[in-house]
Amino acid sequence: MERGHLSMQNFRISGDNSYLELSSNNSSYDSLNLKLRADVQLHLLQIFFPFMEDLNGTARIQSQFIGSMAVPELLGSGSIENGLIKLKAFPHAFEHVTAAAQFSQSKVLINNLKANLAGGTMQGEGSLTFKGPQDFPLNFKTHLENVNLNIPDKIN
């Protein structure tokens, strides 16, 4: 860091089957230029999602942050493979989750989401828009087939 500008090369954190790489060329508060590449086991991120009982699988991300710290923009793509998501307040786990996402400025486009759920299958797509620190509407469409839900638990 020098006079409010950040430059970073060869920053890599790695472990068993996971890595995270960051690079930056002269980023500042008003002008971000930060690149992120990651291949991460999702259970490492579970600490950031306290509403989840279990989180597993592999996430791959290639992205770039531009704009300013006040209004950052995210460009790039990501995917989840062989995921498992279990929410604390929901009796069923989402198993064998696969999904692809495109990051475009303040929007995440979720494509081709597939999972096994409650004895059936789920397919979906949608978007998540970042409008502010606590304002990020989700628009999502899904198709469920042969799903047997117990909501609340033990009520079929």
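Guide: The account below begins with one glutamine, Gln41, and then widens to the aromatic pairs and the chain. Please bear in mind that this is a predicted model.

Gln41 is placed in strand S3, which covers residues 32–41. Is this residue buried or exposed? Its relative accessibility is 15%, and because the limit for a buried residue is under 20%, Gln41 counts as buried.

The side chain of Gln41 takes part in two kinds of polar approach, one to backbone and one to side chain. Towards the backbone, it reaches the oxygen of Asn17 at 3.2 Å. Towards another side chain, it is joined to Thr58 by a polar contact of 3.3 Å.

How many aromatic pairs does a search of the whole structure find? The search finds two. One of them joins Phe49 and Phe51 in an edge-to-face arrangement, with 6.0 Å from centre to centre and 85° between the planes. Phe49 has a relative accessible area of 31% and is therefore partly exposed. Phe51, at 46% relative accessibility, also counts as partly exposed. The other pair, Phe90 and Phe94, is stacked, with centres 5.8 Å apart and planes at 15°. Here Phe90 and Phe94 are both buried.

The chain as a whole gives the setting for these details. It contains nine strands and zero helices, and its pattern along the sequence is accordingly written β-β-β-β-β-β-β-β-β. The C-alpha trace spans about 60 × 35 × 25 Å along its principal axes. Of the 156 residues in the chain, 28% are buried, and Gln41 counts as a buried residue. Among contacts with a separation of 6 or more, 33% are between residues 24 or more positions apart.

Key: Residues numbered from 1 in each chain as written. Predicted model: local features only at pLDDT ≥ 70, side-chain atom pairs only at ≥ 80, totals over all residues. Heavy atoms only, no water. Helix = DSSP H or I, 4+ residues; strand = E, 2+ residues; numbered from the N terminus. Buried < 20%, exposed > 50% of the residue type's maximum accessible area, 1.4 Å probe, protein only. Polar contact = N/O pair within 3.5 Å; in protein donor to acceptor, adjacent residues only side chain to side chain. Phe/Tyr/Trp six-rings, centres within 6.5 Å; stacked < 30°, edge-to-face > 60°. Contact = heavy atoms within 4.5 Å.
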